[in-house]
Structure formats: structure tokens, C-alpha cells
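Here are my notes for a colleague new to this structure. Please read them with the model open.

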Amino acid sequence: MSAERIREHAGAGARTVAAHRRRLRADRARQLADLLRRQVLSGGFPDGTLPHEAALAGDYGASRNTVRQALGLLRAEGLVERLPGVGTVVVAEKCTHGLERLRGLGETLHEQGRVTNEVRTVQPVTAPAPVSERLCLPAGAEVLYIERLRSLGGIPLSLDLTYLPLDLGSGLLGADLENTDVFRLLEELTGQSLGHAEITLEAVTADAHSAAVLGAPRGSAVLMLERLTHLADGRPVDLEFIRFRGDRIAMSGLLHRTADTRTQTRPPTRPGVRSHTP
């Protein structure tokens, strides 16, 4: 191999090693940011101030550079800020939205503050095909469409788009939608309890309208919760598309592993091989 080729090969190797080290530092910073984020959101720093970088480095066995990168990630999320002479402080807290029970936003967050609603639209509309299908209505049926901006402590939290069958929705016209969850109004109107809901939760890009209403940066990610709620008798009565500001809410839940999970996921036994259950 010529001297020129050797130098080229050595240079490429050095660049590969440097890139690998940068990736490792980024990985470690992200891992540390995940741990610190949990502390920030769960009140792990009661006085609102994080330990100094040297203390964090010692506590988590990380380098000072890794700690700085991790704190930079949390600053980019708007959770902490660096104040001269003070250090890194918590500047934003997320609300915790539990997913274990079927409750309205006001019911869910009542311990964290008062939820208020700005009712932007309440009107009958012809149900789009996906809406009529989900609500088990005839094609072209009318539904009541409600759009609300929901805030906690005066800070915008979610934009809710709700579709209700008109025979029930008409009973909500004139109701106190500004201060009462639709769930509670539906139960009062029907005399039934709500039974269950099917939910889908995903991150979507905020469109210009949603971003403006929520006061979020255009193009930022928001949490989209799609929920179809049924009465206790099984009738679907409430289809919602809820956009949450992801920097202001965290979803939580308690999940149980069912007894038959191991049976369902056990790989098939090869022919001639006896399977033993431990």
C-alpha cells in the first residue's frame, strides 16, 4: 500500500472514531436528559433549582460535557433555563393526564387547577363520512360540532374538536360548555353513565390554525388524542380529536400484564422438540 493510501486510510479511520465518539456523547446526553426530565416533571427538585453541573456529573457518573448537553436538551424543550448567578432552574411544569379512567379534562386535572373553556364553535353540520361511520349514523346525518380551546390556569392546553349525534347534541345547546365537561353533560342528558372509550394517541405537526390558537410555534409537535366514547349501553356518542400542547402535558397510566401474555408470545415449538413451561 502506498504512503498516500495509508494516510487516506488513517484519516478515514480517525474521522470514523471521532464520529463514533460524538454519537456516544449524544446518546449519553439523551439518556441523562430522560432521567432529569422525569425528576423535573415529578417535583424531584422541590426548590425549583437543579444541582450544579459538577454535582450532576458525580450523581450520574457522567462527564461535565454530557451534563451540559443534557441540560441543553431540556432547555430546548422549555423545561429549564440557565440564570446567571443562580444556575439551572425549572421554568415550566407539565400537567399529568391519567389514562386509567374515562374522565373529562376538568375532572382529570381538578387537583392541578381549574380548567376553563373558550367555546369557539357550536353548530349542526353534516357529518363527514368517517364521523358518521364511527358514530354509527346514516350517511349524511347531522351532528353537533363543538370546538373549544381549553386552558388550565389561563394557559392554553388543548384544542378540542367534538362530534355528537344531533339527537343528543341538540340538548347541549345553551348548556354551560364554558365551565362543564361534555362528559358530565352527556350523563345528565341521557341519565346513563359513560361506559368505555377507544383512544389513539400520536404526535402530529401543529397546523397553522392549531398553532395560533394554542400559542404554539408553527410546525411544532402536538399530542393528538382521538377518542370515541360510548354510553354504558354501548352506543357511541362522542367522537373527539384533541390536540394537546406537548410541552404542557404528560400522559400517564398504570398497565397490567395479563396472565395469558406469556402463552400468546411464546415462540412455536420446533417439530420433534418438547416444550417445557417453567
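1. Start with a pair of side chains. Arg120 and Glu147 form a salt bridge, with their closest N and O atoms 3.1 Å apart. A salt bridge here is a side-chain nitrogen of Lys or Arg within 4 Å of a carboxyl oxygen of Asp or Glu. The pair links distant parts of the chain: Arg120 lies in strand β4 (residues 115-126) and Glu147 in strand β5, 27 residues apart. Helices (H or I, at least four residues) and strands (E, at least two) are DSSP runs, numbered from the N terminus.

2. A word on the model. It is predicted: local features need pLDDT of at least 70, side-chain atom pairs count only at pLDDT 80 or more, and totals for chains, interfaces and linings use all residues. Residues are numbered from 1 along each chain as its sequence is written, and side-chain values use heavy atoms, with hydrogens and water left out.

3. Glu147 is buried, at 8%. The cut-offs are under 20% for buried, over 50% for exposed, and partly exposed in between (1.4 Å probe, protein chains only).

4. Another salt bridge joins Arg134 and Glu226, at 2.5 Å from N to O. Arg134 sits in helix α5 (residues 129-134) and Glu226 in strand β8, 92 residues apart. Arg134 is partly exposed, at 28% relative accessibility. Glu226 is partly exposed too, with a relative accessible area of 21%.

5. Glu53 and Arg68 also pair up, their closest N and O atoms 3.1 Å apart. This links helix α2 (residues 53-60), which holds Glu53, to helix α3, which holds Arg68. Glu53 is buried at 15% relative accessible area, while Arg68 is partly exposed at 38%. The whole structure has 15 salt bridges.

6. Look next at α3 itself. The helix covers residues 64-76, 13 residues in total, and spans 18 Å from first C-alpha to last, close to the 18 Å expected at 1.5 Å a residue. That expected span is 1.5 Å times one less than the number of residues. Its buried residues are Thr66, Val67, Ala70, Leu71 and Leu74. They lie on the same side of α3, because they cover an arc of only 130° around the axis. The arc is that of the directions from the helix axis to the C-beta atoms. Just after α3, Gly78 has a positive phi of about 80°.

7. A cavity is a set of points on a 1 Å grid over the protein atoms alone where a 1.4 Å probe fits but cannot get out; lining residues have an atom within 4 Å of a point. The volume is the space filled by probe spheres set on the points, which are joined across faces, edges and corners.

8. The largest cavity holds about 50 Å³. Its lining includes His97, Asp160, Ile242 and Phe244. Strands β8 (221-231) and β9 (236-245) each give two or more residues to this lining.

9. The second largest cavity has about 40 Å³. Among its lining residues are Arg148, Arg150, Asp181 and Glu240. β5 (142-152) and α7 (182-190) are the elements that give two or more residues to this lining.

10. Salt bridges link Arg148, Arg150, Asp160 and Asp181.

Terms used. 1 Å grid on protein atoms, 1.4 Å probe; cavity = no way out; pocket = protein on both sides within 12 Å on 5 of 7 lines; lining within 4 Å.
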